[in-house]
Amino acid sequence: MILDKFRLDGKVAIVTGSNTGLGQGICRAFVEAGALVAGVSRRPSDETEAMLGDKFYNVIADLSTIESVPVIIEKTLKKFGKIDILVNNAGVIKRQDSIEFSEENWDSVLNVNLKTVFFLTQAAARQFIKQKSGGKVINIASMLSYQGGIRVPSYTASKSALKGVTMTLSNEWAQFGICVNAIAPGYMATNNTQQLRQDDDRSADILSRIPAGRWGTPEDLEGAAVFLASSASDYVNGFTLAVDGGWLGR
């Protein structure tokens, strides 16, 4: 049955940024589809854990440094015995005029959004290859993987690069049965967009361009995440799927 291909029964997923927003929604969707989830967060994901119970395991880690990478892999393997899926969702954004943009704001964003993402993905891929069972990687990109944005040069750089790295890794790792794809969320009602949503003029400007006429929600991303994590997408590789209410088509 076709719906069986979307099931994640027996799969183990790592999802970064599990304590709120899009990451929390993806954790919930994966558990509902049958997976066990190791959720990575800098602070305890108490709400997510209360929601999902023993299907969820919280790994506390600071993603601003790659020193967290072996800890995440080792704790997940100790708890669940294997890894089948990695979702690189955690990210940070710094807003400042480009003419004044600081080195600190540049490095802090690139470290979390690109450097740690790459090395965590590398570590997960090594485990996939060791297991000889393939694997799925889902990177959370952005509309700014396609566009320039305003006052967010380091974020735009990281998300543009992430789209490219997704293609590179898919080229190299397809031979091992590893699919590397990305989701580019549109303007979502999350912590990262709180400042924009509180600016009435900017929010109205954004909404005027979204054909759907509303900000997205974590629930809007869940179907795409389950699809790319499941066997239903086994011949999808190196692609960035926009979930944007029609923003890019405008």
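Helices (H or I, at least four residues) and strands (E, at least two) are DSSP runs, numbered from the N terminus. The model shown is predicted, so that local features need pLDDT of at least 70 and side-chain atom pairs count only at pLDDT 80 or more, while totals for chains, interfaces and linings use all residues. Residues are numbered from 1 along each chain as its sequence is written, and side-chain values use heavy atoms, with hydrogens and water left out.

**Figure 1. Two loop residues with positive phi.** Arg151 belongs to the loop between E5 and H5. Its phi is near 70°, a positive value in a residue other than glycine. Arg151 is partly exposed, with a relative accessible area of 36%; buried means under 20% relative accessible area, exposed over 50%, and partly exposed in between (1.4 Å probe, protein chains only). Lys132 occupies the loop between H4 and E5. Lys132, which is not a glycine, also has a positive phi, of about 60°. With 78% relative accessibility, Lys132 counts as exposed.

Figure 2. Two strands pair if DSSP finds at least two bridges between them. Strand E4 (residues 85-88) pairs with E5 in the parallel sense over 4 bridges, and Ile85 stands opposite Lys136 in E5. From E4 the chain crosses through helix H4 (residues 103-131) to E5 in a right-handed β-α-β crossover. A crossover is right-handed if, with the strands pointing away from the viewer, the path from the first strand over the helix to the second runs clockwise. E5 and strand E6 (residues 178-185) run parallel and are joined by 6 bridges; Ile138 has Asn181 in E6 as its bridge partner. A right-handed β-α-β unit is made by E5, helix H5 (residues 153-173) and E6.

Figure 3. Rings of Phe, Tyr and Trp (its six-membered ring) pair if their centres lie within 6.5 Å; planes under 30 degrees apart count as stacked, over 60 as edge-to-face and the rest as tilted. By this rule there are 5 aromatic pairs. One of them is the edge-to-face pair of Tyr57 and Phe80, at 6.3 Å centre to centre with 90° between the planes. Tyr57 lies in strand E3 (residues 56-60) and Phe80 in helix H3 (residues 68-80), so the pair ties together parts that are 23 residues apart in sequence. Tyr57 is partly exposed at 24% relative accessibility, whereas Phe80 is buried at 17%.

Figure 4. Tyr187 lies in the loop between E6 and helix H6 (194-198) and Trp247 in the segment after strand E7 (240-243), so the pair ties together parts that are 60 residues apart in sequence. Tyr187 is buried at 16% relative accessibility, and Trp247 is buried at 7%. Tyr187, Trp215 and Trp247 form one aromatic cluster. Arg209 lies over the face of Trp247, at 4.2 Å from the ring centre; a charge sits over a ring if NZ of Lys or CZ of Arg is within 6 Å of the ring centre and within 35 degrees of the ring normal.
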